[in-house]
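Student: I would like a close look at one strand and its partners. Please go pair by pair, and then show me what lies elsewhere in the chain.

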Amino acid sequence: MLDEQALVKRAMAGDELAFLQLLNQYEQTMYRMAFAYLKNEHDAIEAVQEATYRSLKKIHTVKESAYFGTWLVRILLNICHDMREKSKRLDLQENIDIGNTASNHERFEMTDIITKLPKEQQELIFLKYFQDYKNQDIAALQNIPEGTVKSRLHGALKKLKLYFMEKGEL
Amino acid sequence: MKQVKKHDYDTFVKELEQIDIPHEQLEESYIKSIIRFQKEKRNRQRKWQGIVVTCALLLLFVTSIRISPAFASAIAKIPGFAPLVQMITYDKGVEDILHNNYYEELGLSQTKNGLTFTLLGVIADETGMILPYTFSAPFDVRHLKIKEIELRQNGRVLPAGMSYSGYDEKETFLIEEKLEATFKDPISYDNAKFELNIQFDDEKQTEFTIPFLLKKPIAKTKIYELNEKMSFEEQHIIVKSVSISPLRTGITIVLDPNNEMRILGFDDIRLLDEKGEEWTTISNGLTATGNLIDEEETVFMQSNYFREPKKLTLSIGKVKALPKGQDFIEVDFKQKKVLSKPPLPGLKVQVNKRMVTINVPTSYKDKNISLLGTAIDANGETVYSNSASFHRPDENIIEQTETYDIKEVANPVRIYFTHYENFLDGTQTVEIPLK
């Protein structure tokens, strides 16, 4: 974590190479998040590319170097969200055959449900289960009590449980 | 609740893990974004500021380049750095050179017939020079070849080996590469005026002559005489000397003519300092001068010139050797016949017109190595090879096809091995007597 903070500081000072290193560290999370949202490689890469550009441009707005992970995830989530809304509108207009999307939907069922949760809960889930953060770390990162992290996760889980109950799987 | 929780998140993580990550495309996308960002920034900056940024970056990436090859390859795509960045990834000595600010920036540009050549800078020592350059045109230049290169000192052509790499397969308007000059003998830099002359093979045979002066002092090569004997299964060698300059470390090794086996090479030569840090042989570029068949060779290693270690140990192991008499093949090009080959496991030889194709077993993973060396005809004349190509029929075999110039050859021709993975036991070390 300390190493990362040092990198963030260098990146904030305009060191593009430190920034690249950070991107490499978050590559899995970023790309898989984007893919979970957008369901195809092309769009996921585009989202990551846009997030790279925006975060580079806005890196001086990172308030606390320890927040970098959440900050980056948030930028990407916003881009993914916008891109998905845009493509939804297009889907409606063009009445695209959803056959392909449906099979993808099944494959990433759980992921799909999670991307329907409120943004702050998604952030938590991606960080906790994907970047392997502990509740404690998340609490520190987001500057909220550990109890809040727990209750937010709990809330997310409850929604997921409801979903499965509706489906009659539990 | 607990169980539900576990099940759900496991599913989630599993789902995410199914998603393959297209690393290369992502790297490409990072670079595109950085270039986009830089362009916008540059428009707002004065030119001199841009230069300051360039120098800083050059120093910074030295510290971070070792992180991962993928990362290094990403940086290599940032305009302006490619020629040297590539070197850092495989040569620690070059990394030290940049760290110690031994690189001299030149930035000399010329434009002729629509072509622009820029000599970015130079790394010079008594043994050679590395000259990173860029070359651009308003059209695709990937197939534009260099016709001739000369490095001149005070008007005279320097006796130097010049090497450079081939270009990209992809369409490109800009080439970022480097020339590497290796001097036959150490040169003196006193009052030296240099000129790089480079001619391209375009329609107009465009030629650039770029004069340059070096302002920074040139590092003196450190030479250590050793004359230490080492033995591997009764086969003897003498480590004559070690010379360390910024670009390379040369280890001069002499073979004992009375050996029963002919030593072909050393697959494990390394230098270790008191902290256990290692420097190995040069993996890309000029690896040795001389020829072991003449019983003396200088093997080049990555330089540790700038480190000033307290203790330096040379370690030699994995010595490749074949019994004398079993270290060559004999062919007749006229009859298209292999007259003799030693009974080595897995060895296959074929002759076809001017070509000799040889297969040997290997444990080398990603690299190829030349299997055949000196060729001598019935009159004792050297037979020269025009080209060599390598192929891996499977991962455990190296196949080499060597094409010879056989116009005036007197058959039969004896071709000596330069590589066969028959290793002598043991690793020997010797301490370098640092002053």
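**A strand and its partners**

Tutor: Start with one bridge. Phe266(B) has Val319(B) as its bridge partner in β17(B). Keep in mind that this model is predicted.

Now widen the view. β17 of chain B covers residues 312-323. Strand β13 of chain B, residues 261-273, pairs with β17(B) in the antiparallel sense. That pairing has 11 bridges.

Go back to Val319(B). Val319(B) also stands opposite Leu424(B), in β26(B). Strand β26 of chain B covers residues 423-424. It is joined to β17(B) by 2 bridges, and the two strands run antiparallel.

Move on to Thr313(B). Its bridge partner is Glu431(B), in β27(B). Strand β27 of chain B spans residues 428-431. β27(B) and β17(B) pair over 4 bridges, again in the antiparallel sense.

Next, look at an open sheet in chain B. This sheet has 4 strands, in the order β20-β21-β24-β23, with antiparallel pairing. Its edge strands are β20 (348-352) and β23, each pairing on one side only. From one strand to the next, the twist averages 15°.

Take the end with β23(B). β23(B) pairs with strand β24, residues 397-404, over 6 bridges, in the antiparallel sense. There, Ala388(B) stands opposite Glu402(B) in β24(B).

Val383(B) sits between β22 (372-376) and β23 (385-391) of chain B.

Tyr404(B) is 21 residues away along the chain, yet 6.9 Å away in space, C-alpha to C-alpha. Beyond its neighbours within four places in sequence, Val383(B) is in contact with residues including Ala375(B), Tyr404(B), Ile406(B) and Val413(B).

Finish with the cores. The largest nonpolar core has 46 residues, and Phe19(A), Leu22(A), Ala34(A), Ala47(A) and Leu76(A) touch the most other members. Apart from it lies another core, of 45 residues, including Ile244(B), Met261(B), Val331(B) and Tyr420(B). In soluble globular proteins, nonpolar side chains tend to be buried together.

Note on methods:
Residues numbered from 1 in each chain as written. Chains lettered and ligands numbered in written order. Predicted model: local features only at pLDDT ≥ 70, side-chain atom pairs only at ≥ 80, totals over all residues. Core = buried A, V, L, I, M, F, W, Y, C linked by C-beta atoms within 7 Å. Buried ≥ 20, exposed ≤ 12 C-beta atoms within 10 Å, placed from the backbone. Contact = placed C-beta atoms within 7 Å. Pairing = 2+ DSSP bridges. Axes fitted to C-alpha atoms, helices over the stretch in contact; angles between N-to-C directions.
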